[in-house]
Structures are given as structure tokens and as C-alpha cells.
Amino acid sequence: MLVALISIIGYLMTILSTVVIVQFILSLLISFNVVSLSNNIVASIWQALSVIIDPFLKPIRRFMPDTGMIDFSPMVLLIGLRILQMLLAGLANDISAAGM
């Protein structure tokens, strides 16, 4: 039961990582004028991604130094999520080896 819960949390972190990467790619497309926020579909996708990601990025942005136009908080979030995934995988292996 606990291993299944850890597995579900791992899947959710993978989905969150994918959303961060999609938002990053969309921000590049917007900044290089490939797509425009005046398009309703693009604006709604951007807003939905921001609603999902901003609660995770805001605490990171408070502690990160101001680097000008480059925002490193998504990269910090991705690294943190990957570290948590590795820790959870190790915990799941330990639990399954102990036979719980």
C-alpha cells in the first residue's frame, strides 16, 4: 500500500516536471514571436500552465537572486523534483525489500 502511494507521488512529480518543460517551451515560443498571447488558445494554455506551476515557483523565486531577464526557478524546481523522485525511489526499494 505504501509503495503504491510512493509510486503515485512519483508519477505526479513526473507530470509536474513535464508541465514545467511545456511552459518553458511555450515561453520561448512567445518570446521569439512564434506564437502570440493575443491568440485565445495560446493565452488560455499559458494561463492554465501558470496556474499549475506558479504555486511551486513563487517560493523558489523569493529565495533566488535577481538575475535579470533569465528566470532560473523552473530549473531549480526540476532539479528539486528529480532529487525527490530519487529519494522516493530509494524509499520504495527499501520498503519493498523489507517486505512491508
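**View 1. The largest pocket holds about 450 Å³ of space.** The model shown is predicted. Helices α1, α2 and α3 each give two or more residues to the lining of this pocket. The lining counts 17 residues. Phe24, Ser27, Asp71, Phe72 and Pro74 lie nearest the pocket centre. By class, the lining residues divide into 11 nonpolar, 3 polar and 3 charged.

**View 2. Helix α3 runs from residue 73 to residue 98.** The helix has 26 residues. From first C-alpha to last, α3 reaches 37 Å, close to the 38 Å expected at 1.5 Å a residue. Gly99 follows α3. The phi of Gly99 is positive, near 85 degrees.

**View 3. The buried residues of α3 pack against α1 and α2.** These buried residues are Ser73, Pro74, Leu77, Leu81, Gln85, Leu88, Ala92 and Ile95. An α-helix has 3.6 residues a turn, so residues three or four places apart point the same way. The partner helices span residues 2–31 (α1) and 40–63 (α2). Pro74 is buried in α3 and is also among the residues nearest the centre of the largest pocket.

**View 4. Ser50 sits in helix α2.** Is Ser50 buried or exposed? Ser50 has a relative accessible area of 14%, so this residue counts as buried, the cut-off being under 20%. Which residues does Ser50 contact, leaving aside neighbours within four places in sequence? The contacts are Gln23 and Pro55.

Technical notes
Residues are numbered from 1 along each chain as its sequence is written. This is a predicted model: local features need pLDDT of at least 70, side-chain atom pairs count only at pLDDT 80 or more; totals for chains, interfaces and linings use all residues. Side-chain values use heavy atoms; hydrogens and water are left out. Helices (H or I, at least four residues) and strands (E, at least two) are DSSP runs, numbered from the N terminus. The expected span of a helix is 1.5 Å times one less than its number of residues. Buried means under 20% relative accessible area, exposed over 50%, partly exposed in between (1.4 Å probe, protein chains only). Contact means heavy atoms within 4.5 Å. On a 1 Å grid over the protein atoms alone, a cavity is a set of points where a 1.4 Å probe fits but cannot get out, and a pocket is an open set with protein on both sides within 12 Å along at least five of seven lines; lining residues have an atom within 4 Å of a point. Grid points are joined across faces, edges and corners, and a volume is the space filled by probe spheres set on the points. Ala, Val, Leu, Ile, Met, Phe, Trp, Tyr, Cys and Pro count as nonpolar, Asp, Glu, Lys and Arg as charged, and the others, Gly among them, as polar.
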